[in-house]
Amino acid sequence: MTVTVENLTKIYRSDGGGVVAVDDVSFEADQGELFTLLGPSGCGKTTTLRSIAGLERIDEGTITIDGETVATPGASVKPENRDIGLVFQSYALWPHMTARENILYALKARDWPKDDRDSRIEEVLDLISLPEMGDRYPSELSGGQQQRIAFARAVAYEPSVLLMDEPLSNLDFKQRRRMRRLLLEMLDEVGITTIYVTHDQEEAFEISDETLVLNQGEEAQQGTPQQLYEHPQTPFVASFLGEANLFPASVDAVDRADRRARCTVSEGSTRIEMECTYRDESVLSNPTVVIRPEDIYPEARTDGAAVRETNRWSGTVDHRFYRGSFTQNLVDVGDIQFKIKTDKPVLDEGEDVAIAVDPGDALLVSSG
Amino acid sequence: MSLERDERTVRSRAVELANPRWIPLYVTLLFLGIFLATVVALFAGSTIFGVGNQEGITLELAREVLLSWELARIVFDTVAIGVGAGAISAFIGAVYAWLVIRTDMPFKRAFRVMVILPLSMPFIVKGIGWISVLSPQIGIVNVFFKNTFGFVLFDIYSLWGIIMAIGFGGLPLAFLITEPAVRSIDPSLEEGSRIAGRGLLGTFFRVTLPLLFPAMFSTFMLVLIFALGNFDYPFLLGSAQGGIDTLATEIFQVVRGSPVPKYNVAGLYSIVYVLIAFVAITVYWVTTRKTHKYQTVSGGSRQTVHQLGKWKYLAVAICLFLWGMSFIAPFAGMLFMSLTPRIGALFSLEFTLANYAQLFSIPTLRSVVVNTVAAGFVAGLLTALFATFIAYTSLKYDRFTGLGDYVSTIPLGFPPIVYGLAIFWLVLMLPGVSTLYGTLAPLVLALVFTRLPHGTRMVTSNLIQISDELEEASSISGASWSTTFRKVIVPLIRGGVTNTFLYSFIGSMRELGAVVLLITAGNNVLTNLLLQMYNQDAGALPVVAAGSMMLFLMVLSIVLVYEFAGAGKYTAGA
């Protein structure tokens with residue numbers, strides 16, 4: 001089923017006025033797709049999800065599930081009458097019911113055929129690989145097991161849309177990684193449209209088909225994980241998804257044929273020239289340069305390739321952070337500081353070094 | 001799936017209002033309505049209507065009553081009893097809690113468990129117990145002192161007697177309030193004082209007590225509010241002997257004690273009484289709200305225990321004394337008195353069950369016991385029901401939190417006997433309801449009123465732990481509001497609701513002040529029967545003591561249920 005959100009706006013009103021939690025957000029999650037809402041806390045992603053679930057009244061816009069309008073500012077289908085499942089961040093398992101009773105409760109409320117309820121419970125317990133745990137109370141289950149029971153409860157009655165609100169955030173690092181994979185397998189098997197809320201970009205990248213990044217209640221950018229990482233449209237998206245060097249720049253000359261621009265980046269008393277790429281001319285009026293740390297090469301790494309005339313600067317290694325699988329260095333080019341990333345700890349603190357950037361890796365985005 | 005109609009249209013508003021999820025709000029409003037009607041009835045009844053050819057409140061009467069020395073004396077006694085009793089309770093509660101929790105005193109466990117026991121003694125029973133011990137004429141201890149040393153040790157029929165009886169009786173409450181505060185004291189604060197050179201005693205007075213001050217003040221105010229409103233002690237120990245009157249006993253006296261009931265005077269006293277009580281309640285709310293701000297209760301801090309050395313025997317003696325004054329002394333007095341063949345024969349060690357036999361020969365006893373249990377039981381059920389819906393209203397609707405808090409707080413400002421009077425008027429004035437006068441119905445209403453504020457708090461503290469997501473998960477799963485309420489909310493707050501029921505049941509069986517003005521021949525209860533018997537013939541004290549023993553055992557049996565079966569298994573939310 002397709003979920004369509006159009007121009008959704010939600011305002012939390014209080015005595016002192018209102019807070020716009022979600023501001024004119026639109027997106028569409030297609031049948032069978034895993035659609036992720038990604039953003040820092042307070043960006044409106046959970047409010048959006050709760051609006052789709054029917055737990056919040058909306059102030060503007062419409063929400064449509066499978067072509068049927070379920071929410072407008074004036075009218076709303078109750079949560080119990082929407083064909084959805086929701087996995088809560090806290091799991092929200094009823095503590096006075098066993099795992100089996102939790103699932104049964106949902107099956108009963110959704111009028112699952114009486115004779116098939118027991119077999120359906122066994123089926124979903126198998127799906128989550130906890131066939132033996134049905135008679136345990138939530139307090140007798142680990143966090144990861146509770147998470148899986150919550151998932152089973154949400155999909156047991158075969159809703160057409162599954163909503164998940166940061167389902168893995170209460171697990172520890174290792175469990176989270178394991179559950180992420182298991183979750184993907186389970187979702188594959190169930191095959192329903194899923195809208196997934198998270199603040200963890202690594203999680204979003206690993207599981208999503210499509211991701212919408214939200215910032216302060218507004219849409220920041222939508223795309224596949226790869227599109228978002230490689231072609232961020234704003235400094236916020238660039239820095240929220242992975243690490244990025246961000247330099248405000250001014251454009252000196254433009255080569256429209258190659259979509260190249262020669263820019264000046266200045267900081268303190270230092271000014272450097274930089275050859276950059278852009279995707280859309282609109283960014284040229286007020287651009288910021290985005291360079292991923294792994295796209296900056298210390299000179300030694302150029303491996304004899306033609307020595308660059310452009311985008312090559314001399315600097316000093318200010319700091320070295322050893323991170324195991326990679327090493328991060330801060331390199332000062334005058335007053336401008338670059339974050340660079342190398343596979344091996346090849347640079348020493350205080351060492352003089354030349355660094356180079358391919359113009360194709362220096363992306364201009366709009367400073368907003 | 002069907003779209004609800006636009007909520008701005010009239011029809012859908014009616015549909016929305018009929019949604020079962022508003023039931024808690026409607027129940028809350030119903031209770032508020034009854035409450036306000038009662039208050040209006042009290043003031044309208046005593047100002048405008050009057051009874052028979054008696055006038056209501058006239059300006060002349062108001063001047064005469066309000067500007068009299070008589071009233072000043074009564075108010076002074078009322079307030080003095082409150083302040084004195086509150087101070088004693090606050091202090092002994094802190095000492096007891098500190099010794100039991102923070103020292104290596106022997107028998108700590110036993111003292112911790114025993115401290116609850118006095119709660120099962122109704123006030124009138126304790127009053128009878130104290131009379132048996134310290135009445136200047138017939139009290140066991142005073143008779144002993146008179147015979148041996150030629151003087152009376154302590155006269156319970158005095159202001160100090162009443163203050164002492166209520167103050168020491170407050171030990172369980174004081175302990176329960178102070179205990180968490182004592183547990184949360186950071187031990188390094190006390191250790192720092194020891195290292196700086198203060199001894200154990202110096203540390204207790206210079207560091208521990210000041211740290212406990214917020215909790216002690218809470219105790220002080222709560223006992224003060226209770227003592228202000230109490231009828232049993234001042235009546236038995238003061239008013240019945242002549243001399244000491246409080247507003248509670250005076251309201252009783254002008255209605256029941258004078259040949260023609262002076263309802264207008266009772267009305268004026270009630271106004272003064274409610275004003276004083278509201279001042280106390282306001283002080284309590286304002287100060288405790290601040291308290292919560294600066295009290296830092298950090299969970300899981302390490303518990304250290306002070307080594308008392310040879311002083312531990314003194315500690316045991318202190319705890320025994322405090323507990324003894326709270327429970328053993330009145331209990332033993334009552335027990336001895338109930339077994340004595342005649343007043344004054346206490347030291348001959350002759351014992352008899354004749355008093356019990358005489359008690360059971362009272363023809364109305366059976367119906368009185370049935371009334372007591374029935375009124376208490378129904379009041380318990382209704383309190384639990386109202387408390388559940390009011391707590392839900394104050395926690396679960398965004399827009400009505402204020403209303404729920406208000407409804408559950410305001411009744412605290414009305415002393416029990418004022419409720420009794422107000423409900424008396426309500427029943428007489430409402431057309432068609434006056435036939436209820438003399439039945440258990442007005443008693444039950446008065447009992448629900450007096451227990452509801454605390455009952456609501458008990459349910460609230462349970463319900464607040466149930467996260468909204470458990471309800472949301474239920475509606476997402478497809479359940480309606482009423483299913484969610486029955487299958488998710490109620491099972492999870494069963495502990496709090498059960499406790500509220502038992503608390504109200506127990507409290508109702510012990511209550512005298514709230515019902516004393518509502519009782520006629522047909523709806524007598526045990527507390528009032530004891531009062532009447534004692535009031536008619538002080539020589540009947542042994543039989544009254546036997547009756548007290550019976551009431552004590554009835555209450556105790558329910559308290560035991562409360563302790564062992566009360567708290568629910570799944571009180572914590574997810």
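Modeller: Quick ground rules: residues are numbered from 1 along each chain as its sequence is written, and chains are lettered from A in the order in which they are written. As the model is predicted, local features need pLDDT of at least 70 and side-chain atom pairs count only at pLDDT 80 or more, while totals for chains, interfaces and linings use all residues, and side-chain values use heavy atoms, without hydrogens and water.

Biologist: What makes Arg50(A) and Glu472(B) a salt bridge?

Modeller: The term needs a side-chain nitrogen of Lys or Arg within 4 Å of a carboxyl oxygen of Asp or Glu. The closest N and O atoms of Arg50(A) and Glu472(B) are 2.7 Å apart, so the pair qualifies. That rule finds one salt bridge across the interface of chain A and chain B.

Biologist: Which elements give two or more residues to the side of chain A that touches chain B?

Modeller: Helix 1 (45-53), strand 5 (68-71), strand 6 (84-87) and helix 2 (99-109) of chain A. Helices (H or I, at least four residues) and strands (E, at least two) are DSSP runs, numbered from the N terminus.

Biologist: Why are domain 1 and domain 2 of chain A said to be in contact?

Modeller: Contact means heavy atoms within 4.5 Å. Eight residues of domain 1 meet that rule with nine residues of domain 2, so the word applies. The bounds, 3-235 and 244-366, come from an automatic or database domain assignment.
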